[in-house]
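Subject: Structure handover

Hello,

Here is the structure I said I would pass on. My notes on it follow below.

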Amino acid sequence: MFTKLTIKDVKVRNQNVLVRVDYNVPMENGRITDDLRIKASIPTIEYLIKKGARRVILISHLGRPEGKKVKELSLRPVAERLKELLPDAKVGFIDDVSGPDVEEAVEKTPVGGVLLLENLRFFPGEEKNSSEFAREIAECTRADLFVQDGFAVIHRAHASTDAITKELPSVAGFLVEKEVSALDKVATSPAHPFLIVIGGAKVDDKQPLIDKLSPLADDIFVGGKIAADGYTSDNPKIHVCDTFKEDGEGGKRDIGEPCIEALIKLAEGAKTVLWNGTLGETEKPEFAKGSEKFAEFLGTHPKITSVICGGDTAGFAENFLKTHPDCSFSLISTGGGASLELLSGLDLPGLDSLDDA
């Protein structure tokens, strides 16, 4: 059960609405290579416009500029993509987050328009969770309401996730509500049999998730580099892949065919599947077969609640759907660390600080 107020619970008509989105998208030479997170923000933005918000002001970060302006990490290309995704709205961009230029840009944004501010992490106050920095943004944008819709950053105590909620009434957007509700259900009351599939490279990131959810799980399958590096467990629920596809030097780069078959057999009897971590080096097509075959199985069995989380896994799943349009998953989470921390039962400052329902 979602316990925070959402945009459906508050008045937005004639309000300047400040929305924290997550546009931390992969870029190459100034070009966005995956717009999953941008598209995920559109339902909340469109709802606010439809319900008569005076202006929608968007704030986000991109990359790790460490408090300095880095041209390659400007959000300007995101504004151009937003114009394509919101063809009926006037979308503007300003290369700052506070000060007189922002005040003027807000005033010039037409009623029902959208304004994207520059990368929050160009300014030290963001990651320092500065109350002054948050207050400057709230005042310069003349915001009446704050909406948290950047699910991937709700595990951070930053100015745009925590301090800002002390300045304005603060509620959740549709993406945060959707992701938190879906992941919380998996973490507390999944339909059984419940299968957890763990891959990727960093066992330190995955072990808290395994420890937290193993009492709930019926089976846990471990593949990816974690298994290749020799992961072991005495838990009878945990099945560790022991056959691999190797490169020319004997490196274990993907799960082997016997393990793919064993994994799919486990999934055939499941009602809920949580997948975190790719099963091989999916950036190389020859070592993506295990992940592809498992994704194809999940994507063609809609009766299974399939939740995919983790940055690399979500990116893989999104790209997979581009070439397999007949497949679908219940949820591809936009949150990497946020989804892991939620599932592991850790505090989420950017969620906790929102107004209670």
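Buried means under 20% relative accessible area, exposed means over 50%, and partly exposed is what lies in between. Arg142 has a relative accessible area of 46%, so it counts as partly exposed. Please keep in mind that this is a predicted model.

Backbone points

Arg142 sits in the loop between helix 5 (131-140) and strand 7. Its phi is near 50 degrees, a positive value in a residue other than glycine. Asn29 also has a positive phi, about 55 degrees, and is not a glycine either. Asn29 belongs to the loop between strand 2 (27-28) and strand 3 (31-32). With a relative accessible area of 86%, over the 50% mark, Asn29 is exposed.

There is also a cis peptide bond, from His192 to Pro193, with omega near 0 degrees. Pro193 is placed in the loop between helix 6 and strand 9 (194-198).

Nonpolar cores

The largest nonpolar core has 89 residues. Those that touch the most other members are Leu18, Phe151, Val197, Leu274, Trp275 and Phe294. Helix 6 (residues 174-188) gives this core its largest share, six residues. A second, separate core has 32 residues, among them Ile45, Val78, Ala79 and Val147.

What does Val197 touch, leaving aside its neighbours within four places in sequence? Its contacts are Phe221, Leu263, Val273, Leu274, Trp275, Asn276, Leu279 and Phe294.

Aromatic rings

Six aromatic pairs turn up in a search of the whole structure. One of them is Trp275 with Phe316, at 6.1 Å centre to centre and 70 degrees between the planes, which is edge-to-face. Trp275 is in strand 14 and Phe316 in helix 11, so the pair links distant parts of the chain, 41 residues apart. Trp275 and Phe316 are both buried. They also belong to one aromatic cluster, together with Phe294, Phe320 and Phe329.

Helix 11 covers residues 311-323, which is 13 residues.

The buried residues of helix 11 are Thr313, Ala314, Gly315, Phe316, Ala317, Glu318 and Phe320. They pack against helix 1 (36-50), strand 14 (272-276), helix 10 (289-299), strand 15 (305-309) and strand 16 (331-332).

In helix 10, the buried residues include Gly290, Ser291, Phe294 and Ala295, and also Phe297, Leu298 and Gly299. The buried residues of helix 10 pack against strand 9, strand 13 (252-255), helix 9 (257-268), strand 14, strand 15 and helix 11.

Cysteines

How many disulfides does the structure hold? The count is zero. Cys327 is in no disulfide, and the nearest cysteine sulfur, that of Cys309, is 19 Å away. A disulfide needs the two sulfur atoms within 2.5 Å, so a distance of 19 Å rules out that pair. Cys327 has a relative accessible area of 10% and is therefore buried. Cys241 is buried as well, at 3%.

Two single residues

Is Thr165 buried or exposed? Its relative accessibility is 9%, so Thr165 counts as buried. Thr165 lies in the loop between strand 7 (145-148) and strand 8 (170-172). A polar atom of its side chain is 2.6 Å from the backbone oxygen of Asp162. Neighbours within four places in sequence aside, Thr165 is in contact with Phe146, Ser170, Ser353 and Leu354.

Glu103 lies in helix 3 (residues 100-108). Glu103 and Gly52 are 51 residues apart in sequence and, C-alpha to C-alpha, 21 Å apart in space.

Regards

Note on methods:
Residues numbered from 1 in each chain as written. Predicted model: local features only at pLDDT ≥ 70, side-chain atom pairs only at ≥ 80, totals over all residues. Heavy atoms only, no water. Buried < 20%, exposed > 50% of the residue type's maximum accessible area, 1.4 Å probe, protein only. Helix = DSSP H or I, 4+ residues; strand = E, 2+ residues; numbered from the N terminus. Expected span 1.5 Å × (residues − 1). Contact = heavy atoms within 4.5 Å. Polar contact = N/O pair within 3.5 Å; in protein donor to acceptor, adjacent residues only side chain to side chain. Phe/Tyr/Trp six-rings, centres within 6.5 Å; stacked < 30°, edge-to-face > 60°. Core = buried A, V, L, I, M, F, W, Y, C linked by side-chain atoms within 4.5 Å.
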